[in-house]
Amino acid sequence: MLLTNSTQIITRKSIQVLQIDNALGFAEIALFGGHILSFTPKHDGRERLWVSENAIYDGKKAIRGGVPICWPWFGDHKSDEFGAHGYVRDQAWHIVQSQDSELGTLVTLQPATTQGPGFDGQTELTLTVLVGKTLTIQLNSKNIGETNTSINCALHTYFAVSDINQTHLSGLQGKYLDKTRDFDSFDTPSNYQFNEETDRVHLFKASEVTIHDQQTETSVLSEGHDSIVVWNPWQEKSISMADMADDSYLTMLCVETAVTQGQILSPGQVHTLQQIIR
Ligand code: BG6
């Protein structure tokens, strides 16, 4: 079944958005990009995700905020010809199935195609989203070709915070690569706070990272990843980005469940990247 009693499709500017509203939670998923835009569990009524007030819904450019799906590469492609973070975040997805149960609403989506310039693997890609007391996101990549293939990917989640200057993270340790410092390696601070542009690939398979935001905590549970990426563009970059307001860096923080080191998939193999937001 494509729609259930808990789901409806609305239109926002040029894109269609699946709204899910059940006894446990509310969520929105843009069919452009398979891009989750909102998650509010009903037990506390707190929106977990951040979407830019200047986000562009033209069905061409990836939406700024929510949960962009980065696939089949993460960050820059090794060739300059191709844009960052792969190509499925800016293409049409469709609903394969949705189902209500006592756990919430489970929605399965797929992109129009997984083929694109810059990637020659033959891979099936499926996103499943369970909207319940928590939000469970699974990105399943299956090698349907006859040779090994390699992918990178990320659930590039933008979390809402009330003030980045009063926010800290826990659950990370070990080394990180700092993109703002030519990918030099540094030790993760024990008191992880924010006071500058932050763009870090933590090569640490943290199973739980917590965002401490004044009075609230948001937990990010990850599986199937090799890295956690932490990003805040800070002021100068926010000003330079057309789809961000000048001061919007103050109210967001990306904590991304990512594969950055290349996941080899042998023929028939399935890889699942999972993020649970609590
Ligand atoms: C992060 C990268 O994952 O995504 C940053 O580490 C990048 O370097 C950010 O700036 C946003 O990327 P984009 O392509 O959505 O502007």
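Residues are numbered from 1 along each chain as its sequence is written. Because the model is predicted, local features need pLDDT of at least 70 and side-chain atom pairs count only at pLDDT 80 or more, whereas totals for chains, interfaces and linings use all residues; side-chain values use heavy atoms, with hydrogens and water left out.

## Ligand shell and contacts

Around the ligand stand Arg64, Phe74, His85, Arg89, His156, Lys179, Asp199, Val229, Trp231 and Glu256, each with a heavy atom within 4 Å of it. This shell comprises five charged, three nonpolar and two polar residues. In this grouping, Asp, Glu, Lys and Arg count as charged, Ala, Val, Leu, Ile, Met, Phe, Trp, Tyr, Cys and Pro as nonpolar, and the others, Gly among them, as polar.

A side-chain N or O atom of Asp199 is 2.5 Å from a ligand oxygen; for Lys179 the corresponding distance is 2.7 Å, and for a polar side-chain atom of Arg89 it is 2.8 Å. The protein buries 83% of the 400 Å² that the ligand exposes when taken alone, with areas from the Shrake-Rupley method and a 1.4 Å probe.

## The loop between E5 and E6

His85, one of the shell residues, belongs to the loop between E5 and E6. Its phi is near 70 degrees, a positive value in a residue other than glycine.

Pro72 is also placed in the loop between strand E5 (69–70) and strand E6 (93–101). The peptide bond joining Trp71 and Pro72 is cis, with omega about 5 degrees.

## Overall fold

The protein contains 20 strands and one helix, assigned as DSSP runs of at least two residues for strands (E) and at least four for helices (H or I). Its radius of gyration, 18 Å, is close to the 19 Å given by the globule rule for 278 residues, so the protein is as compact as a globular protein of that length. The radius is taken over C-alpha atoms, and the rule is 2.2 Å times the number of residues to the power 0.38.

Technical notes:
A polar contact is a pair of N or O atoms within 3.5 Å; within protein, one must be able to donate a hydrogen and the other to accept it, and residues adjacent in sequence count only if both atoms are side-chain atoms.
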